[in-house]
Amino acid sequence: MGKSPDWLYTDNVTCGSPAWIGKGLTCVCFKRKGNCQRICISLTPLQEERLRRLKRRMKVYFDGSKLDHQEALRALWSASFPGQELQGLISDQWKEMGWQGRDPSTDFRGAGFISLENLLFFAKTFSISFQTILKKQGGKEAVWEYPFAVAGVNITFMIIQMLDLDATKPRSFVRAVFLQMLSENEWAFDLLYCVAFVVMDKQWQERKATYMEFNDVLKSTRVQIEKELLMDDVLRIEDMPSYSLLC
């Protein structure tokens, strides 16, 4: 596991203090494995385009009247319960997945359509991890007391806040580091979501948490994710230590 980097802050060639944030400086310089590397506030054209696409995804509200949104819900059900027929988009069956009521669309208000996309990406990309958490296969002494799907929506919202993606100028190193990763992989946000989900579930089991502790577990998950993103040998989402939990 990598050590946290020794941070240096610079405007072109001059190193200073963390007060660079919001001061109009152009680049952040930090050490990874003894070499000084630079993260720039001024985004490359590729970073700008991919961030623009991600922000567009973030602004899409779930609309149950749209056919593509309906199809995404059906696809999520099929990926979650293969071979089990869905009776309807409004059905008591959705409670089996951890939605609060018969109509899952009411739970998307906090994070929008992207939270459904994240769940579907998780289900299709890391089906074993997804199914293990959903159905609690192999869980030790943990008690399944948090709703899976609603937890997923909360994780999406947490990551959006952590990465400060709505900010005009970066206010954190985590955001700047993530944008570098996004330029390498357009699906970096979705991959980070999957990592965050397995980290949260792992912490939940280790703490033997109760539903009342959900927010505390989510906060500690954020701390862990931020710590890993800033490690000196983490250049991609796939380099994060907790990525190895996915299968």
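Entry 1, contacts along the chain. I looked up contacts, meaning heavy atoms within 4.5 Å, and among those in the chain between residues at least 6 apart in sequence, 62% join residues at least 24 apart. This is a predicted model, in which local features need pLDDT of at least 70 and side-chain atom pairs count only at pLDDT 80 or more, while totals for chains, interfaces and linings use all residues. Residues are numbered from 1 along each chain as its sequence is written, and side-chain values use heavy atoms, with hydrogens and water left out.

I find 8 helices and 4 strands in the chain, taken as DSSP runs (helices H or I of at least four residues, strands E of at least two) and numbered from the N terminus. Read from the N terminus, their order is β-β-β-β-α-α-α-α-α-α-α-α. Of the 247 residues, 49% count as buried, which is to say under 20% relative accessible area with a 1.4 Å probe and protein chains only.

My search of the whole structure gives 17 aromatic pairs, where rings of Phe, Tyr and Trp (its six-membered ring) pair if their centres lie within 6.5 Å, and planes under 30 degrees apart count as stacked, over 60 as edge-to-face and the rest as tilted. Phe122 and Phe130 make an edge-to-face pair, at 5.4 Å centre to centre and 85 degrees between the planes. The rings of Phe122 and Phe197 have centres 5.4 Å apart and planes at 40 degrees, so I note this pair as tilted; it links Phe122 in helix H3 with Phe197 in helix H7, 75 residues apart. Both Phe122 and Phe197 are buried. Phe122, Phe130, Phe148, Tyr193 and Phe197 form one aromatic cluster.

Leaving out residues up to four places away in sequence, I list Leu119, Phe122, Ile133, Tyr146, Phe148, Gly152 and Ile155 as touched by Phe197.

Methods. Buried < 20%, exposed > 50% of the residue type's maximum accessible area, 1.4 Å probe, protein only.
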